Amino acid sequence: MGNLFAGLSSGSRALSYYQRGIETAGHNVANATTEGFSRQRVNPVAVAPTNDGGFWIGQGVDVSAITRMRDIFVDAQYRREIPVLGYWETRMQNITNLEYYVGDYDRATFQATLDNYWTNVESVHTNPSAATTREALVQSAKDMITSLTNMRANYDAYRYDLNTRIVDMVTEANQLIDDIAVITNKIALAANIGENPNDLLDERDLMAERLCKLTGATVSNPTVEEADGDYKIDLNGKFLVQGGALYDCKGQNIVNTRHLMLQPMVGNYGYYDVQVEYNQYEHSSDYSVASVVIERGATNPEKCPRNGVHDLFVERLANGRTWMVGGALGQSAGGERLDTIYSKDQALGISGTFSLEVGNAGVQAQSKIYIDPSNSALAGVIAQDPNVNGGPTEYEFRIAAGDFETYVNIKFNGTDWDFTSSNGSVTNLGSSAGADLTVEDIVNNLNNITLPSGDPAFTLTGAYDDPINPTVMTSFTIEADNNSDMRGHLLSITDVRGSLSYDMEIANKNPAVEITVTEDDTLTTIANKINDAYKCEAEYVTGDNAVYTTNPPGSIPSTPEAWLHANIVKEPNGTYYLALTSNVSGEANRINVLPGSVCDTNGDLSVARLLGFVGGADPASGSPTNATSYMQLSDDPNALSTIVTGDVYVNDAYFIYDDKHYLSESNSFADARIFKRNDVSNPTSYTWVNQMADELDRFGTGVRLNLHNLNTRYLADGSAASANDPVHIYVRPHLLTGEIYATLEARDDMVLGFEDYLDQIAYELVTEVNAVHYAGHGTGTANSETTGTAFFNHITQKYGASSSYELSINDAIVKDISLIAAGSGDGTGHSRGSADGANALAIAQLKQTKLFDGGSADFNEYFLKFVADLGTQGYTASYMLTSQQDVIDQLNTLRDSVMGVNTDEEMIDIIRFQQGISAIARYMTAIDDMLDRLINGMGRVGL
């Protein structure tokens with residue numbers, strides 16, 4: 001009888017199985033369009049048979065589980081690829097937004113306003129005296145500035161919006177992390193009490209995939225990484241979720257998840273970096289010394305290690321100044337400057353010449369090699385015995401670095417050469433070893449030049465280049481000494497008497513221009529002669545009627561960095577003086593005042609003294625000095641004088657980054673001028689990379705430094721490393737893909753990179769136009785003799801140059817359009833007349849001048865390169881997005897083939913299960929009839 005009732009038990013289990021099958025199929029159909037839903041199926045299993053009298057009797061069917069249809073391998077692929085899709089989707093969206101600001105903004109693109117500006121400059125050249133053309137030029141310049149600064153302002157605003165968007169995305173990610181931990185608890189609880197958690201699993205998977213798309217997180221493989229039973233999600237090795245949620249003692253906060261944290265970046269407007277909780281770090285180990293922006297390319301593994309620690313020592317900060325010369329001690333105070341000039345147009349009654357040169361010889365100057373193949377006896381000889389060849393008997397040259405300068409005099413006494421240095425008082429350095437002046441004499445004696453502190457001023461090192469005479473010193477190098485006062489300063493070496501430094505090839509590289517002063521000249525005409533020399537016409541330099549004498553002959557200052565401008569300054573007491581200002585900021589553009597007759601041997605500095613460019617009494621001896629009178633203008637309206645003579649020198653920032661030495665004219669930069677590299681095994685030994693320190697190098701790919709204070713690396717004598725620890729710059733991004741990473745990249749890579757284009761355009765426009773404009777004359781009765789006026793307000797550094805607080809027209813030009821310097825000078829300090837537009841033409845020609853990318857692009861081409869860069873990135877993003885979408889679509893197809901609901905298939909299952917119910921019902925009816933007959937019919941004969 002037991003076996004008969006067992007049939008009912010089998011039928012009951014079968015009915016339960018078919019019922020579950022129909023319910024599951026119906027659940028599948030109901031969720032056919034539900035995102036993230038996985039098709040479920042009932043897994044039947046035969047119940048173990050029983051032995052009945054030697055026969056094994058089956059016990060029917062049971063439901064072992066209701067499982068989700070998932071392919072673990074395809075799911076893992078999908079989760080690995082979905083962050084890449086999120087990255088390219090977000091990048092494409094950001095590029096589309098950025099393109100808007102380059103396009104038809106207010107129906108006037110920057111390129112159109114720039115073209116209109118150049119057109120109006122050409123109109124001033126054609127009709128320089130017409131007020132309408134000048135007004136049109138000013139208005140077109142305003143329009144151009146408005147277009148450029150608006151574009152920059154919108155980019156800045158977009159950066160701010162992106163930062164806000166990052167906050168929202170991090171909030172979403174953290175909510176997902178917590179929700180995943182909570183639902184993991186629910187799944188475990190359901191599984192423990194025998195319930196089916198499939199829908200909870202689907203919900204968790206959906207949240208996990210969204211988290212992956214946002215952050216690039218990785219979900220553990222349940223068949224491999226979950227051997228301990230914990231569900232895990234990590235972000236580059238840092239666990240965000242590990243098992244179900246555990247709460248604190250108050251039951252409020254989850255304590256076993258790690259959130260994404262918003263880490264403010266000092267130096268990047270406080271914008272947020274995104275880091276993993278309990279793994280947070282600062283980007284600089286000492287913000288008092290340096291802050292940093294991790295920007296374009298910093299996380300590109302092909303260019304920069306993703307996890308990098310960089311050492312930084314800051315030796316000197318830049319002060320952002322331009323060199324100014326003038327205002328030496330006046331005659332009324334015991335000096336030599338004419339300080340009773342009450343009219344800038346009064347004849348000064350002085351005559352003579354002086355010379356000006358802007359530039360430097362680099363950080364290390366290398367002399368020529370003194371080898372004469374035809375006469376080995378001349379190896380190492382710079383100048384032969386004057387008694388033998390009748391050559392010059394005296395040379396003098398000036399060496400300056402930082403705030404130290406000295407005049408080196410080398411004079412033949414009939415037997416040997418005496419070396420002295422002076423800056424007022426005279427210091428004997430020594431004498432030559434014989435009547436021939438040799439390289440070894442230069443090295444031995446110039447190494448004796450000392451600072452007022454007694455420390456060496458310069459280091460000269462001899463080399464032995466002649467294989468025939470290997471013991472003879474045949475060349476040398478000179479650099480500022482490796483002490484705290486001189487280290488890293490650019491050398492300035494100029495000839496005062498003779499041409500020895502030029503002949504030795506250690507002199508400054510830019511041309512020197514001689515200015516001739518006549519008795520009828522005024523401060524105005526002298527200033528005009530100085531200003532006119534920039535890009536002056538060829539007949540002024542060559543020919544019988546040459547106005548300017550230059551060294552080298554025939555050369556002229558032709559770049560803003562190679563020249564200066566002169567302005568007349570009025571003192572509060574009503575007197576006037578002449579001030580010289582370099583066109584470009586930074587130590588590399590040092591102004592050098594030289595004697596007249598730069599191509600002769602008998603020049604002097606008398607005119608330069610009277611004009612206040614050199615001189616003043618030596619504090620110790622009271623005698624006149626040859627010191628250049630560097631100054632700055634006071635910004636105190638209540639000061640008794642406009643002249644500031646304290647702390648007037650120009651400094652570049654000098655820093656060591658990963659054992660490479662750099663200079664920068666500003667304290668905020670990504671590219672700096674490299675000049676040498678240290679030997680890490682010997683801190684006092686180094687290799688020269690670029691002696692001129694004029695080659696830009698990206699010292700840290702994707703890193704932009706902001707220097708704030710000093711952290712000196714060496715002791716004062718340069719002999720050993722100091723006890724100062726380096727500042728560490730950390731590049732350790734926690735996110736490497738996904739939507740948040742793409743948003744960070746857009747904010748700190750793309751937008752900053754595009755703003756660099758705008759800054760470069762603004763900086764070059766201001767610098768180049770101003771340099772030409774300084775050289776030109778105004779128009780009309782009042783200003784036809786006026787030069788030295790800037791068209792744009794001066795900009796000291798490139799970063800931020802395109803912002804509205806930096807880029808603007810000179811107010812003086814706006815108030816008085818007759819100051820627009822359309823005309824050129826005649827070389828005598830006077831204008832060619834108001835009808836002359838030659839200087840406006842020179843400005844207009846800047847439109848086609850190749851000023852960008854190493855002389856390969858003009859203004860319009862560079863702006864088009866900016867547009868092309870944006871377009872190229874957009875095309876790349878579009879292409880990659882399409883490609884990645886194809887990958888995701890393919891994976892989705894594979895996933896849908898497994899987890900997707902096919903309603904036709906589910907209907908077939910429902911019919912199949914329905915038929916199964918009918919069949920098993922028939923079976924159970926038969927069992928019931930049989931049992932009824934056996935139970936109710938047995939023992940009742942005839943019934």
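Visitor: Which residues does isoleucine 740 touch, not counting residues up to four places away in sequence?

Guide: Contact means heavy atoms within 4.5 Å. Isoleucine 740 touches Met169, Val170, Ala173, Leu214, Thr215, Leu260, Val274 and Leu735, with residues up to four places away in sequence left out. A caution on the source: this is a predicted model, where local features need pLDDT of at least 70 and side-chain atom pairs count only at pLDDT 80 or more, while totals for chains, interfaces and linings use all residues. Residues are numbered from 1 along each chain as its sequence is written, and side-chain values use heavy atoms, leaving out hydrogens and water.

Visitor: How many residues does the largest nonpolar core have?

Guide: A nonpolar core is a set of buried Ala, Val, Leu, Ile, Met, Phe, Trp, Tyr and Cys residues joined through side-chain atoms within 4.5 Å. Buried means under 20% relative accessible area, exposed over 50%, partly exposed in between (1.4 Å probe, protein chains only). The largest core here has 136 residues. Tyr117, Tyr155, Phe354, Ile530 and Ile740 have the most contacts inside it. Helix α11 (residues 739-775) gives the most to this core, 19 residues. Helices are DSSP runs (H or I, at least four residues), numbered from the N terminus. A second, separate core has 37 residues, including Ala361, Ile382, Leu429 and Leu451.

Visitor: How far does helix α4 reach?

Guide: The expected span is 1.5 Å times one less than the number of residues. Helix α4 (residues 131-192) has 62 residues. From first C-alpha to last, α4 reaches 91 Å, close to the expected 92 Å. Glycine 194 follows α4, with a positive phi near 80 degrees.

Visitor: Which residue forms a salt bridge with glutamate 755?

Guide: Side chains of opposite charge can pair when their charged atoms come close. The rule: a side-chain nitrogen of Lys or Arg within 4 Å of a carboxyl oxygen of Asp or Glu. The count by this rule is 32 salt bridges. Glutamate 755 pairs with arginine 152, the closest N and O atoms being 3.4 Å apart. Glutamate 755 lies in α11 and arginine 152 in α4, so the pair ties together parts 603 residues apart in sequence. Glutamate 755 counts as buried at 2% relative accessibility; arginine 152 is buried too, at 6%.

Visitor: Where do arginine 159 and aspartate 748 lie?

Guide: Arginine 159 lies in α4 and aspartate 748 in α11, so this pair ties together parts 589 residues apart in sequence. Their closest N and O atoms are 2.5 Å apart. Both residues are buried.

Conventions
Helices (H or I, at least four residues) and strands (E, at least two) are DSSP runs, numbered from the N terminus.
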